[in-house]
Amino acid sequence: MRAVVAERNGGPEVLSVGEVPDPVAGPGEVLVEVVATAVNRADTLQRQGFYPPPPGASDIIGLECSGRVAALGEGVEGWQVGDEVCALLAGGGYAELVAVPAGQLMPVPAGIDLVTAAALPEVACTVWSNLFMVAGLTAGETVLVHGGAGGIGTFAIQLAHQLGTRVITTGGTPDKLGLCGSLGADVTINYREQDFVEVVREQTDGHGVDVILDNMGAKYLDRNLSALANEGRLVIIGMQGGTKGELDIAKLLNKRAAVIATSLRSRPAADKAAICAAVVEHVWPLVADGLVRPIVHEVMSLKDVAAAHTVMAEGTHTGKILLTV
Ligand SMILES: NC(=O)c1ccc[n+]([C@@H]2O[C@H](COP(=O)([O-])OP(=O)(O)OC[C@H]3O[C@@H](n4cnc5c(N)ncnc54)[C@H](OP(=O)(O)O)[C@@H]3O)[C@@H](O)[C@H]2O)c1
């Protein structure tokens, strides 16, 4: 099959399309003929050699895809050859075929075309699992979403808004913040010009936010703690601002707050299956009703994978960058 190969670790230029052996669906797995995949920030780290695939995963880049079921492995029930699906992957998405545990397959939500469906698995599973399953965000609470105009952020704002929470978000330009407002953010903060701790304090009458979805890690650790309300939950999902920071335990203790960090990719398959099932149950109806929509920046061809990684690195995009296979 055709797949993206990397001649070595390095910049976007190391990526090209080559021929590799077809994957085979093992027991409990489904072989998917990929129609589209999406570029994730983690893919750019894997390309550079900083984020190797977990044991047993394909070494081909690609954490999500949409496509059609091509074959069923032993013991798989509930899916038919030809079904249109999207899937959360541990790797292997930048290819014509990928083998995926059946529990990580999801139907395409009604009203979403098959290419656009590739924009959904990572954002829906990451946002639902972290905001609602891990942080226990509930209606009436306030959430701070960092990086609101990114793939994760655009989805988090919409989902949190639809589920009745007040959304505060950060972004780097007025245009991006305008998009965040149109998606349902109640308060937008330009992280280049404003101090988000101060704005949060003003906007919450000094209480702080109940939950923070953080992409920055170390750089924002102390300021995130300052922005949290009593019994607040900080969920760190990204390390764009580094991995090592100083935790003020007194601040944490006085607020009876929690700091949690998670990675979707390295979770056991059973956890991922539970997350996918929850997403299909709770999120897909909102997508089918048009209340939460995938935000797609650009659809490119797999052969333009190097250019797509350059777009991601430049950071001027809003929402997801898709690759058709
Ligand atoms: N742990 C997990 O399971 C998991 C799963 C998926 C993604 N992630 C992580 O989640 C993060 C977002 O992913 P993505 O796909 O949405 O990537 P993305 O589309 O590239 O978005 C990155 C975001 O970072 C924002 N940003 C950059 N500097 C910032 C700063 N100083 N303060 C606040 N925001 C800043 C950007 O905002 P502007 O564009 O406005 O500058 C942009 O919205 C990444 O770190 C990714 O690795 C983690």
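This is a predicted model: local features need pLDDT of at least 70, side-chain atom pairs count only at pLDDT 80 or more; totals for chains, interfaces and linings use all residues.
## Overall form

The chain has 325 residues, and its radius of gyration of 19 Å agrees with the value near 20 Å that a compact globule with that number of residues would have. Taken along the principal axes, the C-alpha atoms fill a box of roughly 55 × 40 × 35 Å. The secondary structure consists of 10 helices and 15 strands.

Of the 325 residues in the chain, 53% are buried. Among contacts with a separation of 6 or more, 67% are between residues 24 or more positions apart.

By class, the residues that line the second largest pocket divide into 16 nonpolar, 6 polar and 4 charged.

## The cavity

Rolling a probe the size of a water molecule over the atoms shows where empty space is left. In this structure there is 1 cavity of 30 Å³ or more, and the largest cavity contains about 50 Å³ of space.

The residues that line the largest cavity are A119, V123, G151, T154, F155, Q158, R293, P294, I295 and K320. Helix α3, which covers residues 151–162, gives the most to this lining, with 4 residues. The lining of the largest cavity comprises 5 nonpolar, 3 polar and 2 charged residues.

Q46 belongs to helix α1, which covers residues 41–48, and its relative accessibility is 9%, so Q46 counts as buried, the cut-off being under 20%. When residues up to four places away in sequence are not counted, Q46 touches N9, Y51, P53, D59, I60, I61 and R265.

S129 lies in helix α2, which covers residues 121–134, and at 1% relative accessibility S129 also counts as buried. Apart from its neighbours within four places in sequence, S129 is in contact with V134 and I275. The residue G151, which is among those lining the largest cavity, is 22 residues from S129 along the chain, and the C-alpha atoms of S129 and G151 are separated by 15 Å.

## An exposed loop residue

G78 is found in the loop that runs between β4 (64–72) and β5 (84–88). Its relative accessibility is 71%, and because the cut-off for an exposed residue is over 50%, G78 counts as exposed. Along the chain, G78 and P268 are 190 residues apart, and their C-alpha atoms are separated by 21 Å.

Technical notes:
Residues are numbered from 1 along each chain as its sequence is written. Side-chain values use heavy atoms; hydrogens and water are left out. Ala, Val, Leu, Ile, Met, Phe, Trp, Tyr, Cys and Pro count as nonpolar, Asp, Glu, Lys and Arg as charged, and the others, Gly among them, as polar. Helices (H or I, at least four residues) and strands (E, at least two) are DSSP runs, numbered from the N terminus. The radius of gyration is taken over C-alpha atoms; the globule rule is 2.2 Å times the number of residues to the power 0.38. Buried means under 20% relative accessible area, exposed over 50%, partly exposed in between (1.4 Å probe, protein chains only). Contact means heavy atoms within 4.5 Å. On a 1 Å grid over the protein atoms alone, a cavity is a set of points where a 1.4 Å probe fits but cannot get out, and a pocket is an open set with protein on both sides within 12 Å along at least five of seven lines; lining residues have an atom within 4 Å of a point. Grid points are joined across faces, edges and corners, and a volume is the space filled by probe spheres set on the points.
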